[in-house]
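Let's take a look at how the side chains in this protein pack against each other.

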Amino acid sequence: PGAVLLRTANTADGMVGYLSDKHRNVGWFSARLDDVLHYVVARLSVPFIMLALALMGKDWRAAWRVALRDHVQTSSPNKGWPMAAVAGGLGVRFEKLGYYSMGDGEVVDDPEKIRETINVMKLTALLFFVLVLLPLFALIGIHVQLFIEDLLLGLIGR
């Protein structure tokens with residue numbers, strides 16, 4: 001249920017969370033809900049991104065430096081953290097003209113850099129799964145998860 005709520009908020013934000021007059025009343029709530037739900041996750045992603053970069057032989061120290069410096073450049077309070085960390089670690093610049101410019105390198109369209117970015121993302125997700133989710137599942141167990149799911153499903157009337 002938590003994952004469904006997160007995806008729903010994120011999808012609604014992507015669909016109507018824009019700052020246009022047409023969607024301002026609908027989009028405001030979905031954008032703020034998405035911001036609240038991703039607040040902690042966005043910040044916790046940076047150490048995992050740094051670890052992935054270190055394992056890939058990339059500049060993990062620059063990832064931290066650039067994340068601290070450039071995370072505030074986006075309109076979202078969250079998306080700047082992982083974007084800036086990846087840009088710093090790969091030594092490139094992520095840029096959306098008129099909105100943000102993160103990192104110290106060049107803006108590149110090299111397929112190899114795009115592949116490296118995807119590999120950082122995949123390794124970051126794998127590290128989070130192995131270092132956080134598996135231990136939590138082993139320690140807490142399936143019974144607690146099933147209890148929470150039953151409780152939440154009971155609240156929505158299923």
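## A pair of rings

Phe48 is buried, with a relative accessible area of 15% (buried means under 20%, exposed over 50%, and partly exposed in between, using a 1.4 Å probe and protein chains only). Phe128, at 33% relative accessibility, counts as partly exposed.

How many aromatic pairs are there? The count comes to 1, where rings of Phe, Tyr and Trp (its six-membered ring) pair if their centres lie within 6.5 Å, with planes under 30 degrees apart called stacked, over 60 edge-to-face and the rest tilted. Phe48 and Phe128 make an edge-to-face pair, 5.3 Å centre to centre with 80 degrees between the planes. Phe48 belongs to helix H2 and Phe128 to helix H5 (residues 111–140), so the pair ties together parts 80 residues apart in sequence. Helices here are DSSP runs (H or I, at least four residues), as are strands (E, at least two), numbered from the N terminus.

## The nonpolar core

A nonpolar core is a set of buried Ala, Val, Leu, Ile, Met, Phe, Trp, Tyr and Cys residues joined through side-chain atoms within 4.5 Å. The largest one has 17 residues, and Val46 and Leu53 are among those with the most contacts inside it. H4 gives the most to this core, with 6 residues.

## Charges over rings

The charged end of Arg43 sits over the ring of Tyr39, 3.7 Å from its centre (NZ of Lys or CZ of Arg must be within 6 Å of the ring centre and within 35 degrees of the ring normal). Lys96 has its charged end over the ring of Tyr99, 4.9 Å from the centre.

## About the model

This is a predicted model, where local features need pLDDT of at least 70 and side-chain atom pairs count only at pLDDT 80 or more, while totals for chains, interfaces and linings use all residues. Residues are numbered from 1 along each chain as its sequence is written, and side-chain values use heavy atoms, leaving out hydrogens and water.
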